[in-house]
Amino acid sequence: MTIIIYFSRKDENFVNGQIKTLVKGNTEILAEKIGEKLQLSVVEICPNVPYPYDYYEAMAIVEKEKVTKGKPVFHELAIDWNRVETIFLGFPNWFGSLPQIVVHFLETVDLSAKTIYPFCTHEGSAFGCSLVELKKFCPNSNIKLGLPVRGSRVEKADNAISNWLTQYPISEEI
């Protein structure tokens, strides 16, 4: 079975050098576009305590989580991991790395022997160090080349998504 799992943050975000309010987070939009192309539903990693609406307040919390290696608690995902073979894992690049909520997810779920297709949104730093971190937290997974998409261009990412999915064909079940 193949699934799409993502973490995203809406509300105020940094886009094209400005703070803008997003009704839907960029990573959520990207996850939905991938889900549409693969005809798969998407599953969101939702924090038990949402990040603040204000961009600067949220980033202060995110930075503190990174420094202290915080473990934001998230709602349980109703997934039978024994049936999962392939995961599309999406996240925003925060401070050049994986958000701590994604790190906590990776520490909680054993993804050994699973194939992971990472994708991220960013505003100029692509994956940063997040792929190195992903390999650290999933040493026994088959991590494929990922898809970084600039958040401010996520609405126009259809060709990039199609090219990425063509380059890395998925099993027949899709």
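Me: How do I read the accessibility of glutamate 32: is the residue buried, partly exposed or exposed?

Reply: Buried means under 20% relative accessible area, exposed means over 50%, and partly exposed is in between (1.4 Å probe, protein chains only). Glutamate 32 has a relative accessible area of 28%, so this residue is partly exposed. Keep in mind that this is a predicted model: local features need pLDDT of at least 70, side-chain atom pairs count only at pLDDT 80 or more, while totals for chains, interfaces and linings use all residues. Residues are numbered from 1 along each chain as its sequence is written, and side-chain values use heavy atoms, with hydrogens and water left out.

Me: Which residue forms a salt bridge with glutamate 32?

Reply: A salt bridge is a side-chain nitrogen of Lys or Arg within 4 Å of a carboxyl oxygen of Asp or Glu. For glutamate 32 the partner is lysine 24, with the closest N and O atoms 2.8 Å apart. Lysine 24 is partly exposed too, at a relative accessible area of 34%.

Me: How many salt bridges turn up in the whole structure?

Reply: Three. Another of them pairs lysine 33 with aspartate 158, closest N and O atoms 3.1 Å apart. That one links distant parts of the chain, since lysine 33 sits in helix 1 and aspartate 158 in helix 5 (residues 158-167), 125 residues apart. Lysine 33 counts as buried at 14% relative accessibility, whereas aspartate 158 is partly exposed at 32%.

Me: And what does glutamate 107 pair with?

Reply: Lysine 71, with the closest N and O atoms 2.6 Å apart. Glutamate 107 lies in helix 3 and lysine 71 in the loop between helix 2 and strand 5, so this pair ties together parts 36 residues apart in sequence. Glutamate 107 has 40% relative accessible area, which makes it partly exposed; lysine 71, at 45%, is also partly exposed.

Me: You keep naming helices. How are they assigned, and how do I check the span of helix 1?

Reply: Helices (H or I, at least four residues) and strands (E, at least two) are DSSP runs, numbered from the N terminus. The expected span of a helix is 1.5 Å times one less than its number of residues. Helix 1 (residues 26-38) has 13 residues and should therefore span 18 Å; its end C-alpha atoms are 19 Å apart, which agrees.

Me: Where does helix 1 sit: enclosed by the rest of the structure, or open?

Reply: Largely enclosed, because 10 of its 13 residues are buried. Among them are Ile29, Leu30, Ala31, Ile34 and Leu38.

Me: What about the nonpolar core: which residues have the most contacts inside the largest one?

Reply: A nonpolar core is a set of buried Ala, Val, Leu, Ile, Met, Phe, Trp, Tyr and Cys residues joined through side-chain atoms within 4.5 Å. The largest one here has 32 residues, and Ile5, Trp81, Leu89, Phe105, Leu106 and Leu111 have the most contacts inside it. Strand 1 (2-6), helix 2 (55-68), strand 5 (86-92), helix 3 (100-108) and strand 6 (115-122) each give at least two residues, with the largest share, five residues, coming from helix 3. A second, separate core has 17 residues, including Leu30, Ile34, Ala157 and Leu165.

Me: What does leucine 111 touch?

Reply: Contact means heavy atoms within 4.5 Å. Leaving aside neighbours within four places in sequence, leucine 111 is in contact with Trp81, Ile87, Phe105, Leu106, Ile116, Cys138 and Ser141.

Me: And proline 72: buried or exposed?

Reply: Buried, at a relative accessible area of 12%. Proline 72 is in the loop between helix 2 and strand 5, and beyond four places in sequence its contacts are Tyr51, Glu65, Gln100, Ile101 and His104.

Me: Last one: which way does phi go at lysine 69, positive or negative?

Reply: Most residues other than glycine have a negative phi. Lysine 69 has a positive phi, near 55°. This lysine 69 is in the loop between helix 2 and strand 5 and counts as exposed at 60% relative accessibility. Glutamine 39, which follows helix 1, also has a positive phi near 55°. Alanine 126 is another case, with a positive phi of about 50°; alanine 126 lies in the loop between strand 6 and helix 4 (130-137) and is partly exposed at 28%.
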